[in-house]
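Subject: Structure handover

Hello,

Here is the structure I promised to pass on. Please open it first, then read my notes below.

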Amino acid sequence: MCLGCKEMKPKKELIRVVKNQEGEISIDFKGKKPGRGAYICNSIECFHKARKGKRLERAFSQAISEEIYDQIKDELEKQDE
């Protein structure tokens, strides 16, 4: 389920953000990294909704760095080109 629009979608249509056992947050483009995952649509609108509502922070129960948000935003902007 996308954290932005709250719609159920196939995993291949979503970007996975993962928290590993050490508590590090990263983007998982292949969907294979171990850890707790949260998903956002390949849509800049869903990204903004998730960021504004601090939905990634809630999903992982910790603060998310600006670097992670910037990586997600950059990836979404690349796909829009």
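Where is the place of Ser65? Ser65 sits in the loop between α2 and α3. Keep in mind that this is a predicted model. Every value below is computed from it.

Ser65 counts as partly exposed, at 38% relative accessibility. Along the chain, Ser65 and Ile25 are 40 residues apart.

Is Ser61 buried or exposed? Ser61 counts as exposed, because its relative accessibility is 65% and the cut-off for exposed is over 50%. The backbone of Ser61 deserves a look too. Its phi is positive, near 55°, and Ser61 is a residue other than glycine.

**The overall picture**

How many helices and strands are there in the protein? There are three helices and three strands. Their order along the sequence is β-β-β-α-α-α.

Now the dimensions. The C-alpha trace spans about 35 × 25 × 25 Å along its principal axes. The radius of gyration is 12 Å. A compact globule of 81 residues would have a value near 12 Å, so the protein agrees with that expectation.

Next, burial and surface. Of the 81 residues, 38% count as buried. The protein exposes about 5400 Å². Carbon and sulfur atoms supply 48% of that area.

Contacts come next. Take those between residues at least 6 apart in sequence. Of these, 51% join residues at least 24 apart.

Then the charges. The protein has 18 positive and 15 negative side chains. The centres of the two sets lie 7 Å apart.

**Helix α1**

Helix α1 covers residues 44–52. Which residues of this helix are buried? They are Ile44, Cys46, Phe47 and Ala50. Seen down the axis of α1, the buried residues fall within an arc of 160°, so they line one face of the helix. On the other side of α1, Glu45 and Lys52 are exposed.

Glu45 has a relative accessible area of 52%. That is why it counts as exposed: the cut-off is over 50%. Glu45 and Ile64 are 19 residues apart in sequence. Their C-alpha atoms are 19 Å apart in space.

**Lys6**

One more residue, from the segment before β1 (14–19): Lys6. Lys6 has a positive phi of about 65°, although it is not a glycine. Is Lys6 exposed or partly exposed? Lys6 is partly exposed, because its relative accessible area is 45% and exposed needs over 50%.

**Where to start**

Please begin with α1 and its buried residues, Ile44, Cys46, Phe47 and Ala50. Then go to the loop between α2 and α3, and find Ser65 there.

Best wishes

Technical notes. Residues numbered from 1 in each chain as written. Predicted model: local features only at pLDDT ≥ 70, side-chain atom pairs only at ≥ 80, totals over all residues. Heavy atoms only, no water. Helix = DSSP H or I, 4+ residues; strand = E, 2+ residues; numbered from the N terminus. Rg over C-alpha atoms; globule rule 2.2 N^0.38 Å. Buried < 20%, exposed > 50% of the residue type's maximum accessible area, 1.4 Å probe, protein only. Contact = heavy atoms within 4.5 Å. Areas by Shrake-Rupley, 256 points an atom, 1.4 Å probe, with all protein chains shown as cover. Lys, Arg positive; Asp, Glu negative; His and termini not counted. Charge placed at Lys NZ, Arg CZ, Asp CG, Glu CD. Arc of directions from axis to C-beta.
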